[in-house]
Amino acid sequence: MGVGLWTPQGPRLTAAGAPPAPTDAVPASALLPPALRRRAGLLSRIVAEAVGQAASEGGADLRHTPIVYGSAYGETSAAVEMMGAFGEGEGLPSPITFHNSVHNAPAGYLSIATGCHAFSPSIAAGPETTAMALIEAACLLHHRGGDVIVALGDEPVPRPLGDTDAYPPGAVAFHLRVAPGRGARCRIGVPRRGPGQLPDLPSELAPHPCAPAFRLAWAVARTVRGTISLGTGEADGWSVSLEPAR
Amino acid sequence: MARAPAPPFPVTAYSVGNAMGATTGEVIRALESGRSGLRTSRADPDIEMVAGEFPGELPPPPASLRAYDTRLVRLALSVLEELVPAIEGAVARYGAGRVAVVLGTSTGGIRESEEAYARWRVEGRLPESFSLVLRHSFNGLLRAVRGRSGAGGPGYVVATACSSSAEALAAGRRLLLAGLADAVLCGGADTLCLTTLRGFRSLEAISRSACRPFAAGRDGLSLGEGAAFLLLERTGEGPAWLLGAGESSDAHHMSHPHPEGLGAKAAMRDALEDAGIASCDVDCVNAHGTGTQANDRIEAAAIGDVLGDRVPVASTKAYTGHLLGAAGATEAVFSIAAIERGFIPESLGASPVDPEIRIAIAREPLRRPVRRALSNSFAFGGANVSLLFGVRP
């Protein structure tokens with residue numbers, strides 16, 4: 001498994017798993033060529049950054065690796081920008097804003113950037129998005145084998161529909177492989193219902209829709225062994241087993 | 001290396017509702033009689049256009065699900081109702097935790113969010129009924145459908161724009177293949193909303209009249225709203241089986257198809273390989289066929305390359321409008337109906353067919369045995385899905 005992460009709290013997962021220092025840096029999103037980076041919204045860019053890190057660490061060939069992208073709300077900045085346009089002039093959004101508003105925009109941009117023709121599912125399941133993305137990834141690996149990247153990301157929902165300060169934009173990605181090589185960080189199971197540990201998380205990220213994925217990333221970084229909650233620790237929530245490999 | 005075909009699964013029950021009718025029976029009868037549901041619409045109050053509005057008043061959800069009340073949820077639950085006995089049967093057979101739900105939608109509850117935003121512009125505050133978590137988000141639809149169906153297994157929404165609910169079927173099948181469920185309620189729902197009505201207008205993709213897929217004079221798509229649900233089971237009998245699912249990415253452009261139909265061809269070939277079926281054994285195709293110049297020309301060439309120029313091809317978008325996130329599941333139902341009833345619908349509005357399109361567009365309804373039907377769904381982001389249905393193998 002390789003792990004990638006981007007939040008304003010730190011552009012990379014620290015080796016020790018400690019909360020990284022805050023940063024105002026805009027993600028480099030090096031996977032996206034400049035022409036795509038200019039068109040892509042913030043969420044697509046931070047997901048691309050996390051995917052690039054995870055693929056690099058795990059040794060994934062992104063030209064042939066499907067990405068399971070999960071987000072509770074998707075690119076809401078584009079959706080809200082469109083709503084603003086409806087009341088002005090002809091009331092038409094820009095074509096780029098329209099195609100950026102679809103939930104699968106980050107997966108679409110990444111497939112164009114990497115030339116990957118494998119299908120990349122884009123999903124949502126509210127607070128269970130992380131668990132369901134891992135389940136979808138497990139199904140893909142069972143059916144097709146090889147590698148999968150699981151990428152979770154959300155940006156704050158703009159006003160007036162949301163609270164821009166509720167949580168920072170953030171994305172995290174995991175590179176999973178059926179037959180891991182020697183450099184794998186850990187073995188991860190298929191999500192099941194049941195309680196699990198709740199690793200610490202920087203307080204800014206606790207309300208983030210992808211908080212379970214950030215917790216999992218922190219657990220991987222700290223070589224935690226055991227069952228990790230993919231919810232808030234509830235007994236009937238989803239959890240996943242983690243076994244460090246090194 | 002070619003992979004081994006995956007086992008087929010029966011579609012044991014289905015339901016569908018859209019502009020052609022509020023019930024499955026009404027929709028299938030309209031399809032068989034060549035009756036379109038497209039009408040002049042004021043779904044966008046500022047711009048008159050042709051669209052496929054769901055007929056009649058939609059009842060509110062039951063009290064226990066009232067928190068999720070949106071037009072999307074009303075529409076979805078209305079169409080789901082016919083299927084509830086079959087789902088309850090699956091829950092009784094397998095246990096609630098072994099019945100999964102995978103749904104497709106492209107816009108979720110955004111129609112109410114648009115209305116809330118408009119109110120905010122005028123009054124400076126959102127209506128009290130607005131809820132980002134329970135109504136705007138895709139999870140509202142998911143919770144409402146899970147609540148009504150009693151399914152307690154894995155549940156998620158697939159949102160790959162216009163291929164969302166086709167992909168829901170592909171993903172649901174994977175849950176069965178992986179042994180993570182014994183039955184999966186798959187489907188999709190979408191409503192008309194300004195986001196898509198004006199979004200496609202900004203792309204100059206909306207037809208001035210009812211859409212005419214594959215026709216020489218086609219000038220764009222018509223939008224519609226509707227829902228469809230299919231129950232996939234590990235065992236059982238049904239009108240048709242899901243034999244294979246093919247998926248691909250164009251990796252080309254966010255809103256234009258690959259000019260050589262690379263992704264479309266890959267998805268169709270993938271579905272055939274997944275099912276272990278030869279291209280000559282496909283009896284008809286429900287095309288994505290939106291009515292835009294580029295999509296229809298490219299899809300037709302791709303179908304010709306993969307399946308040849310003799311298999312009957314119909315687009316049903318001129319009956320329903322483009323149902324976006326509900327299109328894949330709806331057209332899966334139409335493909336199953338073709339197998340069940342030995343009926344290939346007329347590709348409404350296609351005559352005279354574009355002379356550049358050299359495949360066998362169904363210019364009239366055809367009565368003949370259909371053993372296998374392929375259904376195409378292509379989407380923004382280059383997300384392509386082809387589903388292959390057939391009689392019991």
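User: Is strand β4 of chain B mostly covered or mostly open?
Analyst: In this predicted model, strand β4 of chain B, residues 99–104, is mostly covered, with 6 of its 6 residues buried.

User: Which residues point which way from β4(B)?
Analyst: B:V99, B:V101 and B:L103 point one way, while B:A100, B:V102 and B:G104 point the other way, and all of them are buried.

User: OK, pairing next. How many bridges link β4(B) and β6 of chain B, and in which sense do they pair?
Analyst: β4(B) pairs with strand β6 of chain B, residues 183–190, in the parallel sense, over 6 bridges. Within that pairing, B:L103 has B:G187 in β6(B) as its bridge partner.

User: And what about β5 of chain B?
Analyst: Strand β5 of chain B, residues 155–158, is joined to β4(B) by 4 bridges, and the two run parallel; here the bridge partner of B:V101 is B:G155 in β5(B).

User: Switching topic, what is the strand order in the open sheet of 3 strands in chain B?
Analyst: The order is β2-β3-β7, and the pairing in this open sheet of chain B is mixed. Its edge strands are β2 (39–41) and β7 (223–224) of chain B, each of which pairs on one side only.

User: How do β2(B) and β3 of chain B run, parallel or antiparallel?
Analyst: They run antiparallel, with 3 bridges joining β2(B) to strand β3 of chain B, which covers residues 49–52.

User: Which residue in β3(B) stands opposite B:T40?
Analyst: That is B:V50, which stands opposite B:T40.

Key:
Residues are numbered from 1 along each chain as its sequence is written. Chains are lettered from A and ligands numbered from 1 in the order in which they are written. This is a predicted model: local features need pLDDT of at least 70, side-chain atom pairs count only at pLDDT 80 or more; totals for chains, interfaces and linings use all residues. A residue is buried if 20 or more other C-beta atoms lie within 10 Å of its own, exposed if 12 or fewer, and partly exposed in between; C-beta atoms are placed from the backbone. Two strands pair if DSSP finds at least two bridges between them.
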